[in-house]
Structure formats: C-alpha cells, structure tokens
Amino acid sequence: WAGSSVYYLLNLWSRSVTSVRYLKGDKPNLLDEYVPKVIEGFVSSRFDSLQSELSDELGENPLDNVEVLQDQLEFFPFLCRFQYESCSSYLMKIVEPIMKSYMKEANLQSQVDSFELSITESKLAWFTHIVAAILRTKQISSCSEESHETLDAEISACVVQLLNISDSGFHSKRYGDVSKQRLDRAILTFFQHFRKCCSGHQTVFSSKLYTRLSELLGLHDNLLLLNVIVGKMITNLKCYTKCKEVIDHTLNLFLEMTSGYMSGKLLLKLDSVKHMISNKNRDLFPFIENWECFSSRTTLYYTIGMLLFLEDSPLKFKSMMEPFSQVLDTLESTPDALFQSDGVKFAFIGLMRDLRGIAMATNSRRTYGFLFDWLYPAHMPLLLKGITHYADIPEVTTPLLKFMSELVLNKSQRLNFEYSSPNGILLFREVSKLIVAYGSRILPLPNKADMYTSKYKGISICLIILTRAISGSFVNFGIFELYGDRALVDALDIIVKMILSIPLADIFAFRKVAAAYFAFLDSLFSCHLSFVLSLDKTTFMLVVGSLESGLKDLSEKISSQCTNAIDNLATFYFTHVIVGELATSPAALNASGLISDCAELFSRILRTLFEVVIFEDRGNQWTLSRAILSMMLISEEMFTNVKAQILASHPPDQHQRLSLCFDKLMTDVTLSLDGKNRDKFSQNLTRFKTEFCSK
C-alpha cells in the first residue's frame with residue numbers, strides 16, 4: 001500500500017517495456033507474460049485498498065492528493081500501451097459491472113448504502129484517472145496508430161457514458177459528497193487529456209478515432225465533443241456551490257480551452273457558451289456568493305473575458321458590464337456610515353476580484369481601451385473610497401490593490417495609448433492617489449502578530465504596482481516635474497516610508513516581499529535615480545545597504561536586480577562626476593556628496609561583488625561584471641583597499657599569485673563604460689575567477 005514503493009516498482013517495469021525496442025535477436029523476454037499480471041495487480045490493489053483499513057504512508061487517499069496520484073500514474077500507462085489491446089479489454093471488463101451497479105443506484109429513489117456508493121464512485125474515479133493517464137502518454141508499442149486510436153475511443157467512451165450516469169437521477173443530488181467530488185475531479189482530468197487527443201495536440205488527427213466515437217456516442221467532430229465538455233463544466237459551476245477544489249479544477253480546464261485561439265473560436269459557436277457570456281443575473285454561478293470560493297471569481301471572469309474579447313465587440317462588452325455597473329452604482333451611492341457593513345464589504349471584494357479577471361483578459365490596446373473608458377473617470381473614485389474606508393482590512397485591500405496592479409501591467413503593449421492621449425498620465429495619477437491613501441493609513445496602524453497579512457502583503461503589492469507603472473513605458477514622467485505635479489514624488493515618498501517600516505530581516509524572511517522589494521529598487525535606480533539621490537543620507541544608506549544584502553541572496557534574480565541597481569548608480573557617478581567637466585546638476589552634486597560620505601559602504605559592496613564571483617558559482621556573472629567594472633572606475637583607491645582585504649584573507653604564500661590575478665583584470669580594458677569595454681572586462685573576470693580559484 002506504500003505509495004512511494006508503487007512509484008519505484010512501476011518505474012522499473014515501465015523502463016523494462018520501453019527498452020524492448022532495443023533488444024536484438026528473437027530470444028523471449030517474458031514481458032508479454034508478466035506485464036498483464038502487473039497491470040491487473042496494480043488496478044485490483046487500487047480497488048482493494050478502498051475497502052481496506054490500510055492506506056499509503058501519508059495516511060490519506062491518493063485520490064485526494066494530486067502529487068501522490070501523479071506519482072502512481074506516471075509510469076503505469078507505459079505498461080498499458082505495451083499491450084494496449086489486452087489492457088483496454090481488461091479495463092473495460094472490470095469497469096462494466098461497476099458502472100451497471102452505479103446506474104442501478106442512480107435509478108433508485110430511496111436512500112442507498114452510502115459506504116458502498118462511496119466505494120463504487122472511488123473505483124470509478126481510479127478507472128477514470130487511469131484512462132486519462134493512458135491518453136496523456138505517447139504510444140510506445142509496435143501496434144499501428146489506427147488501432148491505438150480505436151482503442152482510445154473505446155475506453156474513452158466508457159468515461160463519457162459514466163458522465164451521463166453521474167449527473168442523473170439520485171446522483172444529481174449528491175454534489176456535497178466527497179466520493180462524488182473525487183469522481184468529478186477525475187472526469188475533468190480525463191477531459192483535459194481526451195480533448196487534446198481528439199484535437200490532434202498529442203496524436204495525429206485521425207478519422208478512425210472520430211469514426212469509433214461516432215459509432216459509440218454519436219460524437220463525430222470536435223464541436224460535439226466540446227459541447228459535452230462544456231456541458232459538464234456548466235453543471236459543475238451550477239451545482240458545486242461550496243467545493244472549491246472542483247470549482248477551481250473546472251475553471252482551470254475552461255481557461256485552458258479558452259486560451260487556444262481556434263478552440264476559443266469553436267467555443268463561441270456553442271449556445272451554452274453564448275448563454276454563459278450573456279448571463280447578466282449570474283444564476284449560472286451560485287458559487288460566487290460563497291466566501292470560500294471568492295478567489296475563484298477572478299479565474300471565472302478571466303475566462304469569460306477572453307471569450308468576449310475574441311469577438312472584439314464594444315456593444316457586447318457594454319452588455320456584459322451592465323451587472324458590474326449596477327454594483328458600482330449601488331456602492332457609490334452607499335452612505336459612508338453603511339460602508340463598513342458586511343454586505344457592502346463582500347460586494348466590494350467580489351467586484352474587485354471580478355474586475356481583475358476581466359482586466360487580465362485584455363490583451364490588446366483596443367480591448368484594454370474598452371475597460372479603461374468604462375472605468376475612468378466615472379468609477380475611479382470608488383476605488384479611492386474603498387482604500388480609505390478599508391485600509392486596515394486586508395481582505396478588502398488585497399483584491400483592490402491586485403486589481404490595480406493588473407490594470408497598470410503593460411503586457412502586449414496594451415497600455416500604449418495614442419500619442420495625443422493623456423490616459424497614461426491620468427492612470428498614473430489615480431495610482432498615486434491610491435498608494436498615498438493606503439500608505440498614509442497603513443503606516444500608523446499598530447503592529448499585529450501576523451505582520452505579513454496585516455501590512456507586508458499590502459505594501460508588497462503597492463511595490464508591484466509602482467514597479468509596473470514606472471517601468472511600463474506608458475507615462476512620460478518628465479511631465480509631472482515640468483508642470484509641478486507631485487503625483488510621482490508623493491507616490492515615491494510614501495513608498496519609501498513603507499519599505500523603511502519593514503525590517504530588512506523580515507524582507508528576506510517573506511520571499512514575496514523580497515521579490516517585490518528588489519524588483520522595485522531595480523526599476524527605481526534605472527528610471528528615477530535622481531529621486532534616490534535626493535534622499536537624506538540615512539535613508540540612502542539603508543536603501544543601498546539593502547542592495548549589499550541582496551547581492552548575497554541565493555536567488556539569482558534578486559542578486560541580478562541588486563547588481564543592476566548598483567551598476568546604474570556607479571555608472572551615473574562615473575558619467576556625471578568623474579568624466580563630466582563640472583558636476584552642476586542637483587543629482588550629480590548629490591551623488592558626489594553621498595558616495596564620498598558613504599565610502600565605507602561602497603567599499604563593502606565592491607568586496608561583496610568580488611566574493612560572490614570568487615566563491616560562488618552563479619549564473620549571473622555577466623551581470624556582476626557590469627557592476628564590478630563601474631564600481632572600480634569610480635574610485636581606484638576603493639579597489640586597492642578591497643584587493644588588499646581579499647588578499648589578507650588568504651595565506652601569505654598565495655598573495656603574489658592572487659595579486660597577479662587582480663592585475664590581469666584590467667588587461668586591455670580602458671577607463672570607459674561603453675559596451676565593448678564592458679564585454680572585455682567580463683572576459684577578464686571569467687579568466688580571473690578560474691585562475692584565482694585554481695590550486
């Protein structure tokens with residue numbers, strides 16, 4: 001019964017059958033005799049375990065654990081494909097009486113034995129998962145492709161027939177039962193692979209498969225098959241009001257089908273899908289009113305939005321948004337005194353999750369324009385009202401901020417407005433208002449036991465919002481300074497206060513916070529270095545000091561972001577202070593003063609950069625070399641001191657050899673930071689590491 005043992009046993013057998021093709025000669029290998037016994041042993045033991053007190057070592061049913069289930073079914077299909085005809089015949093033979101029993105129970109009006117029914121459904125779930133795994137696995141035997149496709153159709157027909165039974169009669173009232181949920185999850189997994197098999201994603205399109213499906217089920221083309229799958233998904237969305245696992249599995253399959261351009265177009269031909277898109281009172285989706293399933297609403301409207309935007313119709317978009325307009329109008333007219341009530345709060349949370357899904361579906365400038373014009377300026381004040389009233393309630397602020405982070409994500413250049421359009425500037429103004437409102441309210445709040453949920457998560461999403469906004473290339477930020485608009489400065493001021501409120505140890509402890517923090521610093525040092533240089537010395541040292549810590553992080557992405565930030569700072573200093581005739585700009589004067597005042601900090605950073613190169617095997621050495629060269633060029637004295645410190649940490653008899661390695665670093669490298677010179681230094685640094693570390 002031990003799951004891990006089954007994994008290794010089946011691995012051994014699958015390797016044996018896949019190696020048959022490499023055998024030479026006609027000597028018997030006995031696999032033809034033993035493989036059917038292994039198949040029968042595996043299937044019968046899965047069925048028997050359902051009625052046994054024994055279980056796997058995790059103490060749970062494999063049907064409830066995706067990873068365990070995948071482990072047990074990863075290699076088994078190779079055995080089935082080895083002798084597919086006998087295997088498929090065996091599978092259909094053992095499942096036939098089980099399905100007859102299940103059909104009989106469906107027709108009973110009185111209560112049946114719940115334990116026996118649970119065993120029956122669990123057996124059917126195992127059978128369905130096995131069929132799904134077989135369809136997923138490539139063919140490996142010498143059987144002709146046509147015969148395999150015919151057998152694929154026959155065992156798949158059993159599952160489709162099972163679907164009709166499971167949603168009929170007595171079984172249609174049992175969506176709350178665990179065993180029914182296991183069976184429906186298995187059916188969804190089957191459809192995921194069966195659809196690909198039929199549409200030719202994994203096997204060559206063949207009329208043999210559809211011919212047999214037509215004979216058995218009347219499914220003679222892809223559209224009829226899609227109609228069966230969509231019918232099951234709609235049934236799940238209507239009947240499962242509390243089981244989040246089944247809802248999420250259903251929505252993920254629906255999203256996968258929608259993501260393909262051709263399959264998405266086919267779906268739009270189905271009346272059931274048209275009805276789903278135009279379902280204004282949302283009675284098809286009762287689960288959206290269940291708090292436990294609120295997060296699933298985003299995936300639902302992401303999928304519906306993708307289908308809607310395939311037609312690119314402003315009228316259909318406006319029609320679909322009518323229910324949301326009604327909710328917005330209701331919330332906007334709600335008095336402040338009632339805004340804290342649970343009903344209003346839940347409506348606001350649901351709205352933010354729904355709108356985020358629709359925003360995720362806008363993948364072009366045109367479709368994004370539909371949403372932006374609908375949202376701005378009429379409904380933007382409600383977002384600010386929400387953040388003002390609910391700043392201390394993360395259940396509300398998290399979906400609100402995540403919606404805004406999606407709204408400013410310039411994927412597929414969807415935010416590239418017309419040249420004469422002010423929309424980019426107007427959008428950033430709203431972003432600035434939102435971040436300032438949130439930050440000014442969250443900072444004074446007392447700390448709680450769960451700091452991540454209460455503060456850090458919201459702050460990290462604000463960092464993501466601002467990172468996407470300042471690096472999205474949809475705003476000319478020079479406009480703000482030119483016309484004295486403080487939107488950018490206010491947003492940056494409050495975000496710096498928020499990041500300084502988080503101890504550096506906590507930033508590294510919460511990896512999502514660390515990812516958002518260092519991505520923001522990378523963008524800030526790249527796009528708005530003048531703001532960094534306008535910070536007071538204490539704040540500047542804290543921010544730059546965190547970059548030194550980030551260089552040592554095990555994540556190469558974070559290490560590279562810190563390296564880029566340091567390189568941008570050092571390059572600015574070299575270009576405007578070292579090479580420039582006179583440092584007259586405020587930013588250059590600030591850079592000169594700060595770097596001279598923080599000489600020890602920058603010396604530590606250069607040493608850290610060298611130590612990372614010397615002692616660690618990083619995949620981002622090219623990025624590290626950029627920062628090392630720019631740091632060396634801003635101060636020869638700093639480089640000399642770092643070199644002496646590194647040599648002092650090695651035995652004296654190695655000093656001469658290691659010193660020579662340092663001297664070779666600048667071979668054929670000039671005092672400039674042009675691309676060609678940087679590339680030459682990168683080559684020298686690679687040679688330096690090799691020679692320095694040689695014994």
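My cut-off was a pair of cysteine sulfur atoms within 2.5 Å. A disulfide is a covalent bond between the sulfur atoms of two cysteines. I then checked two cysteines. The sulfur of C562 has its closest cysteine sulfur in C527, at 16 Å, which is too far for a bond. C562 is buried, at 0% relative accessible area (buried is under 20%, exposed over 50%, partly exposed in between, with a 1.4 Å probe and protein chains only). For C661 the closest cysteine sulfur is in C693, 9.0 Å away, so that one is too far for a bond as well. C661 is buried too, with a relative accessible area of 5%.

**Ground rules.** I number residues from 1 along each chain as its sequence is written, and side-chain values use heavy atoms, with hydrogens and water left out. Since the model is predicted, local features need pLDDT of at least 70 and side-chain atom pairs count only at pLDDT 80 or more, while totals for chains, interfaces and linings use all residues.

**Overall build.** I count 35 helices and zero strands in the chain (DSSP runs numbered from the N terminus: helices are H or I with at least four residues, strands are E with at least two). The C-alpha trace spans about 90 × 75 × 45 Å along its principal axes. Of the 695 residues, 53% count as buried.

**Aromatic pairs.** I searched the whole structure and got 35 aromatic pairs. The rings of Phe, Tyr and Trp (its six-membered ring) pair if their centres lie within 6.5 Å; planes under 30 degrees apart are stacked, over 60 edge-to-face, and the rest tilted. One of the pairs is Y7 with Y8, edge-to-face, at 5.1 Å centre to centre and 85° between the planes. Y7 is partly exposed at 21% relative accessible area, and Y8 counts as exposed at 58%.

F339 sits in the loop between α16 (322–332) and α17 (342–361), and Y390 in the loop between α19 (380–389) and α20 (394–407), so the pair ties together parts 51 residues apart in sequence. Both residues are buried.

Which residues form one aromatic cluster? I noted F610, F639, F662, F688 and F692.

**Charges over rings.** My test was NZ of Lys or CZ of Arg within 6 Å of the ring centre and within 35 degrees of the ring normal. R81 lies over the face of Y84, 4.6 Å from the ring centre. R297 has its charged end over the ring of F294, at 4.9 Å from the centre.

**Cavities.** How many cavities of 30 Å³ or more does the structure hold? I found two. For the search, a cavity is a set of points on a 1 Å grid over the protein atoms alone where a 1.4 Å probe fits but cannot get out, and lining residues have an atom within 4 Å of a point. Points are joined across faces, edges and corners, and a volume is the space filled by probe spheres set on the points.

The largest cavity has a volume of about 70 Å³. Eleven residues line the largest cavity, and the closest to its centre are I277, N279, R282, Y301 and M320. Helices α13 (271–277), α14 (296–311) and α16 each supply at least two lining residues. I class that lining as eight nonpolar, one polar and two charged (nonpolar: Ala, Val, Leu, Ile, Met, Phe, Trp, Tyr, Cys and Pro; charged: Asp, Glu, Lys and Arg; polar: the others, Gly among them).

The second largest cavity holds about 30 Å³ of space. I list its lining as M380, L383, L384, M404, E430, K433 and L434. Two or more of these come from each of α19 and α21 (423–442). The lining divides into five nonpolar, no polar and two charged residues.

I noted a cis peptide bond from Y376 to P377, with omega near 0°. P377 lies in the loop between α18 (365–375) and α19.

Then I looked up two residues other than glycine with positive phi. S473 has phi near 60°, lies in the loop between α22 (451–470) and α23 (478–482), and is exposed at 64% relative accessible area. D668 has phi near 65°, sits in the loop between α34 (655–664) and α35 (675–693), and counts as exposed at 61%.

Notes:
On a 1 Å grid over the protein atoms alone, a cavity is a set of points where a 1.4 Å probe fits but cannot get out, and a pocket is an open set with protein on both sides within 12 Å along at least five of seven lines; lining residues have an atom within 4 Å of a point.
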